[in-house]
Amino acid sequence: MIRIEPREATSRTFSVGVPVLSALISLAFAAIPLLAAGANPITAYGEMFKGVFGSVFAVTEMLTRATPLIFTGLAAALAFRAKLWNIGGEGQLYLGAMAAVAIGSGLLDISGILLIPIIIVLGAAAGAAGMAAPTYLKVRFGADEVVTTLLLNFIILIFVQMMLEGPLQDPMGLGWPQSAPVLDQGMLPPLMDRMRVHSGLILALVLAGLAQFMLARSVWGFKLRAVGENAAAARHAGINVNRSLFGVALISGGFAGLAGVSEVAGLKGYLTADLSPGFGYTGIVVAMLAGLSPIGVVIAALFIASVFVGADGMSRAMGVSSFLADLVVSVSLLCVLVGGFIAKYRIVRSGKAGATT
Amino acid sequence: MMDLLNILLSESFWAASLRIATPLIFGVLGALICERSGVLNLGIEGIFVVGAMCGWMTVWLGSGLWGGVLVAACAGALFGLLHAILTVPLGLSQHVSGLGITLFATSVSYFTYRTALPNVSSPPRIEPFQALDIPVLSDLPFLGPVLFQQTALTWLALLMVLLVWYVLQRTALGVAIKAVGDNPDSVDAQGLSVYGLRIGAIVAGSALMALGGAFLTMSAFDAFFFGMVNGRGWVCIALVIFASWRPGKALFGALLFGAFDALQVRLQTEMGALVPGQIFLMAPYILSIIALVIAARSADYPRALLTPWFKGQR
Amino acid sequence: MAENTVLKLSGLSKRFGSVVANDDVSLTLVKGEVLALLGENGAGKTTLMNMLFGHYLPDAGTVEVADANGVLHALPLGHPQAALAAGIGMVHQHFALAENINALDNITLGSEPLRSLKRNRAAARAKIDGIIERSGLKAPLDVPVGQLSVGERQRVEILKALYRDARILVLDEPTAVLTPQEADTLFSNIRSMITDGLSVIFISHKLREVLEFSDRIAVLRHGRKVGEMATTDADEAKIARMMVGADTPKVARQEMSPGAPVLSLKNVSVSGRSQRETLDNVSLTVNANEILGVAGISGNGQAGLAQLIAGLVQPSSGTIAVDDEDIPKPTPSRMVQAGVGRIPEDRHHEGIVGAMSVAENMVIERLDDPDIQSLGLLRREAIADNAVKLAQAYDVRGPGVDASARLLSGGNIQKLILARVFERAPRLILANQPTRGLDMGAAATVGRRLLEARARGAGIVLISEDLDEILGLADRIAVIRDGHLTEAPTNNREQIGLMMAGAAA
């Protein structure tokens, strides 16, 4: 007979080992679909590696891809820490992006020193508003935020399309549903010549560090952790649970909004309805792989960005669908979940005891 | 105003409502069974995709339509089983596992489709389910077109409502499923298997969800597109709460939703010049949120929902 | 005697991690007797019965059960189904009932094949009616169990066992939720079932009912059986000594004259979600140097009173004042600031954040304190120093102040909460079921600390379902019943019992 017993303490090796192992297993798992698609896995892995680390350009592409994932990963990680299920990162990303182009594409024609911070702040505010609404519905009416944030993603995306065919449409865009470009002085400066990697990455790293510090060292972080781990005890101890939830909702939504800002004002320059290939959803996987730790988010985002960029390269070279990357990412999430179980419980085999046949 | 009345009185409007409601009926019933046993299944969105892809592909590969339905249900059941293993004996977060299943199921479907059909520009079509043509009944005024010119899958959905109702209300199995979703100890103490009941409920519920997806590619449309499920699964999760976990109300909720969706399409053509079309596209999702907010206050959640249960830990 | 044995446990042992719950326990039960299994909280009574019933798998040992002909057979362990089939019925302290289905369905659950498409409810109902008639256990069958009273639910639990033709009935602390009068009825029902051929084991830590209603007594301590005797040979002092391993330390309580009022409730009502959270026009005063004991059957508004004083609910009418200062809109933090220390009923769920460290849990109520934080940042050294100091002063033992609070034992969690509360020298202390689930040593510590606080000048509201605890500690006693609070004129056990049952106004 097999029984499940909780471990008395979860060792630190698990908190690092589980995500690393999950990542490796999910990569190894990719061999199955590769074989099914008739590709040689060894060659494919080689191509993937080359696609990420084969050149300086490849590495910068990976960093460029990791930037929005750090933001959406932080958005999910902080909210999940408070047991606030923000699955609406995708929508909040678009809200941030919309705010960025609305302000940055000519509404305010001022110096970059002023314009860039304004874009950043208002983009974050738009994302924050996108999470404040479902949090209000949760606190006031008890409406499950999982469902409301998921549905809001669809609503916001349709709203973006509406705006791109309406007020935000680029008058010079030949009728395409895309926004006018962000003014040059409003663009986040690139980090390297002729490469796409931009200073949004620096912002993401700084914010990840700040989030890590605040979570561990500040009263705000203390309250957030208490609310997430045991809301009843936090409330009993005098912590205003709803205020904590709103606080983290605003910050989480703000981070997701920044992902949108960084994509339009750092990379694309303008907004289209296919700005994000699901960065909001992938951010959830990033956060889970990171064990909900902000610094971990950075590492997990780099890994997942590598998978995507590597799969793109492999796909170009070998003709295997780049949906392989989505497969690897989703499998890594399931692996890390199971790993979390192994870290928390142990499976005890007790065959002989009590056998009284 | 006359226009609205004309729409509401037209046969085609009600026929469309039922058609649009069909995948939701499957989905809401599936989610209902899972949640009645105490497990939230956010894998629904991905299981819809799997059902849509598998059903379509089976037929495209040469099987009959019902073969496609069967394969879709089995594929859904398989992903349901994965969710069940993760959330029931392992007791992992039902939220995260469900989202993981959705991502996994979606990417498996897309990868398979892309790998099988690497270079198609327009998705290949199949011959989908045709409207049943029942002698006499189909020719009835109003009722004929609305009820009796639907496809067999719509009828299957309606039949499932009855079946789920009967099982929950009238059989020992149904009592056990309701009990395990309220207090697993009550079931365990009477010598029934909590794990067995929950895993079974999730697998069965997921098979139903996949049928909702299969309806999309095999009845509503005749091909598979990326992004075709488009949040229908999430809408079902909202509707279950609205339906307070009752099959009859689930049917009502799905029909209400279908009617609203059908209405929005018609209003769009009538008022398209006045309002951007996207307003109408948004409406179903907004409606779901409103339904959720209305229902949430009084929602009588299955008491054990989201709470894992481990054998021997009372 | 041997041929009358219906149940024989031999050498049962069970460990949970490093904790030994049962160690080599052997026990026999004779047909038609009532065996009381006695022991402190944590002595291993419930674990032993859970092994018997197949909920836990023993690490060692065997169980033998007599069949209808009196022949002993080994019971396959770890299978509730096998225990049920062998005629063992168990009534848990926490009822194993689904509240969304009715009593009939709860009783028949699992006895019908799940595959069958139709149910034979008429036959089931006839059988249950027959059992009700013979045993006197009345309960409504067609109402969702969620709407039944606690007493009715307990009867449904027993009916469940009898429906399965139980010949051995195990009752885990059956009177914990009953009034003394209800308990008497239960035991008389049990008597009539025994004449029907049933054998009963009941688990208890209440010496009084054990002496009154059992035929034989077995005592467990620290997971071992430490004694067994016929009830006629037992007396209270003897079994108490066996349970604790030494004479019970009596908490020394000196008389004091009460000081100024520290808490006054005037005509306070609380509209809660359920009866247990509802208060109806309650007025009460607690003075300095005084312990007010609030007695009552579980679920009569104690939760409402506790939530009110803890600041978790707002009164719908009436006023609440601490130290003569009105608190118009109580919140937990306002109550803490007003000098109220709160010991919550459910210490795991409300008392601590298990995933956070012991040190963090010790400061969770004073995050605004400049000793703990400056400019919104935690002062980690101060928090660690505070934790070390408190852990020493209040004897909080465990893997260290940086370890997760969840790793502490129940008694040490309570000490952590005591440390947090008492360190701030509160004017008023709300102690809600402060010793529930603690062993006698830890319970004595809680009692001593409460008396110390009283001597220091605090006023204390002690809510407890254990009447003996209240009689031992309180200066005055009030009884809560249906959300009403009535002061007891005397400390007479019988009279308070009647008030708890609502028999006397």
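The model is predicted, so local features require pLDDT of at least 70 and side-chain atom pairs pLDDT 80 or more, whereas totals for chains, interfaces and linings use all residues. Residues are numbered from 1 along each chain as its sequence is written, and chains are lettered from A in the order in which they are written.

Select chain A. Its secondary structure comprises 14 helices and two strands (DSSP runs: helices are H or I of at least four residues, strands E of at least two). The radius of gyration of chain A, 22 Å, is close to the 21 Å that the globule rule gives for 357 residues, so chain A is as compact as a globular protein of that length (taken over C-alpha atoms; the rule is 2.2 Å times the number of residues to the power 0.38). Of these 357 residues, 57% are buried (20 or more other C-beta atoms within 10 Å of the residue's own, with C-beta atoms placed from the backbone).

Next, display chain A together with chain C. Their contact takes 26 residues from chain A and 33 residues from chain C (C-beta atoms, placed from the backbone, within 7 Å). On the chain A side, highlight β1 (2-6), α9 (219-229) and α10 (231-236), the elements that give two or more residues. The largest share, seven residues, comes from α9(A).

Finally, select chain C and colour domain 1 (2-244) and domain 2 (261-501) separately; the bounds come from an automatic or database domain assignment. The centres of the two domains, taken over C-alpha atoms, are 34 Å apart. Their contact takes nine residues from domain 1 of chain C and ten residues from domain 2 of chain C.

Notes
Two residues are in contact if their C-beta atoms, placed from the backbone, lie within 7 Å. A residue is buried if 20 or more other C-beta atoms lie within 10 Å of its own, exposed if 12 or fewer, and partly exposed in between; C-beta atoms are placed from the backbone.
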